[in-house]
Amino acid sequence: MSLPSPTAESGSDAGKKLRPGRTNATKQKLFEASMELIGERGAAGVTVDEIAAAAGVSKGTVYYNFGSKSDLIAQLLRHGVDILMARLLSVEDEAADPLAAMDEMIGQAMDFMAEYPSFARLWVSENWRTPSEWQDTFAELRGRLLGVIGAAIEAVEAKYAVDPGISRGSLETAIFGACFVVGLDRQTYHPERTRAQSVAAIMASMRGYVVK
């Protein structure tokens with residue numbers, strides 16, 4: 001969404017959106033700045049002025065390219081999920097053992113949570129809040145992430161015998177939720193826990209799905 005602002009940048013950039021490359025770079029700056037600020041004070045306690053200043057861009061640029069603060073947060077949620085999705089999909093390999101591939105996929109999720117713990121905090125605090133001003137955004141992004149997890153589970157089912165008494169949907173949700181909660185708990189309360197320990201704990205539900 002684009003809302004003109006009287007404080008939009010002057011010169012050749014006035015009256016037009018940033019080029020795609022610049023928009024992506026600006027969005028990454030805003031994402032990193034907002035995650036740091038939101039981690040300190042929560043989404044409600046952070047202003048657009050503060051986010052723009054921390055990202056090194058003008059407030060006009062933020063409003064012109066992203067609209068309101070609510071729209072900015074929605075776009076940054078999408079941006080964060082894009083980063084996470086790219087990392088999850090980077091481990092896809094049809095020749096690999098699907099359980100090993102899922103193990104590494106969860107490891108990638110742990111790495112993301114370690115790099116962006118404030119994103120995990122925002123997700124956990126707002127995703128299940130009813131109502132939330134980003135409820136539709138969360139539903140869309142949740143569906144995308146569950147789709148990746150579901151595809152990984154399907155790969156396991158194609159190679160291994162699995163327990164038919166376990167609900168596929170519940171298993172997807174368990175792994176999805178555990179990635180956020182275990183990853184965030186590790187960053188907040190148990191930094192001594194290793195990546196491998198966190199991954200093994202989450203994978204226990206997946207390995208329990210496979211019939212020995």
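Good morning, colleagues. The structure under discussion is a predicted model. I shall begin with the overall fold and then turn to the helix contacts.

The protein chain contains nine helices and zero strands. Read along the sequence, its pattern is accordingly α-α-α-α-α-α-α-α-α. Of the 212 residues in the protein chain, 43% are buried. Among contacts in the protein chain with a separation of 6 or more, 74% involve residues 24 or more positions apart.

Let me take the pair α7 and α8. Helix α7 spans residues 135–159 and helix α8 spans residues 168–188; their axes come within 9 Å and cross at roughly 120°. That angle makes α7 oblique to α8. The crossing of these two helices, α7 and α8, is right-handed. On the α7 side, the contact involves Arg142, Leu145, Leu146, Ile149, Gly150, Ile153, Glu154 and Glu157, and these meet Arg168, Leu171, Glu172, Thr173, Ile175, Phe176 and Phe180 in α8. By class, the residues of this contact of α7 with α8 comprise eight nonpolar, two polar and five charged.

Helix α8 also packs against α6. Here the axes of α6 and α8 are 10 Å apart, and the angle is about 125°. Helix α6 is therefore oblique to α8. The crossing of α6 and α8 is left-handed, whereas that of α7 and α8 is right-handed. From α6, the residues Pro117, Phe119, Ala120, Arg121, Trp123, Val124 and Asn127 meet Phe176, Phe180, Leu184, Gln187 and Thr188 in α8. The contact of α6 with α8 divides into eight nonpolar, three polar and one charged residues. I would draw your attention to Phe176 and Phe180, which take part in the contact of α8 with α7 and also in the contact of α8 with α6.

This brings me to the aromatic residues. How many aromatic pairs does a search of the whole structure find? The search finds nine. In one of them, the rings of Phe119 and Trp123 have centres 6.1 Å apart and planes at 35°, so this pair is tilted. Phe119 and Trp123 both belong to helix α6, residues 117–127, and are four residues apart, about one turn of the helix. Phe119 and Trp123 are both buried.

Trp123 also pairs with Phe180. That pair is stacked, at 5.0 Å centre to centre with 15° between the planes. Since Trp123 lies in helix α6 and Phe180 in helix α8, the pair ties together parts that are 57 residues apart in sequence. Both Trp123 and Phe180 are buried.

Asn127 is placed in helix α6. Is Asn127 buried or exposed? With 14% relative accessibility, Asn127 counts as buried, the cut-off being under 20%. Leaving aside neighbours within four places in sequence, Asn127 is in contact with Leu122, Phe138 and Phe176.

I turn next to the earlier part of the chain. Ser34 is found in helix α1, residues 20–41. Its relative accessible area is 0%, so Ser34 is buried. Beyond neighbours within four places in sequence, Ser34 is in contact with Ile51 and Leu76.

Helix α3, residues 59–66, is largely enclosed by the rest of the structure, because six of its eight residues are buried. The buried residues in α3 are Gly60, Thr61, Val62, Tyr64, Asn65 and Phe66. Just after α3, Gly67 adopts a positive phi of about 80°.

Finally, I come to the loop between α7 and α8, where Tyr160 is placed. Tyr160 has 26% relative accessibility and therefore counts as partly exposed. Leaving aside neighbours within four places in sequence, Tyr160 is in contact with Asp97, Pro98, Leu99 and Val210. The C-alpha atoms of Tyr160 and Tyr209 are separated by 9.5 Å, although these residues are 49 residues apart along the chain.

The stacked pair of Trp123 and Phe180 ties α6 to α8. Thank you for your attention.

Conventions
Residues are numbered from 1 along each chain as its sequence is written. This is a predicted model: local features need pLDDT of at least 70, side-chain atom pairs count only at pLDDT 80 or more; totals for chains, interfaces and linings use all residues. Side-chain values use heavy atoms; hydrogens and water are left out. Axes are lines fitted to C-alpha atoms, for helices over the stretch in contact, and angles run from 0 to 180 degrees between N-to-C directions. Angles under 35 degrees count as roughly parallel, over 145 as roughly antiparallel, 65 to 115 as roughly perpendicular and the rest as oblique. A crossing is left-handed if the near helix is turned anticlockwise from the far one by less than a right angle, and right-handed if clockwise. Contact means heavy atoms within 4.5 Å. Ala, Val, Leu, Ile, Met, Phe, Trp, Tyr, Cys and Pro count as nonpolar, Asp, Glu, Lys and Arg as charged, and the others, Gly among them, as polar. Rings of Phe, Tyr and Trp (its six-membered ring) pair if their centres lie within 6.5 Å; planes under 30 degrees apart count as stacked, over 60 as edge-to-face and the rest as tilted. Buried means under 20% relative accessible area, exposed over 50%, partly exposed in between (1.4 Å probe, protein chains only).
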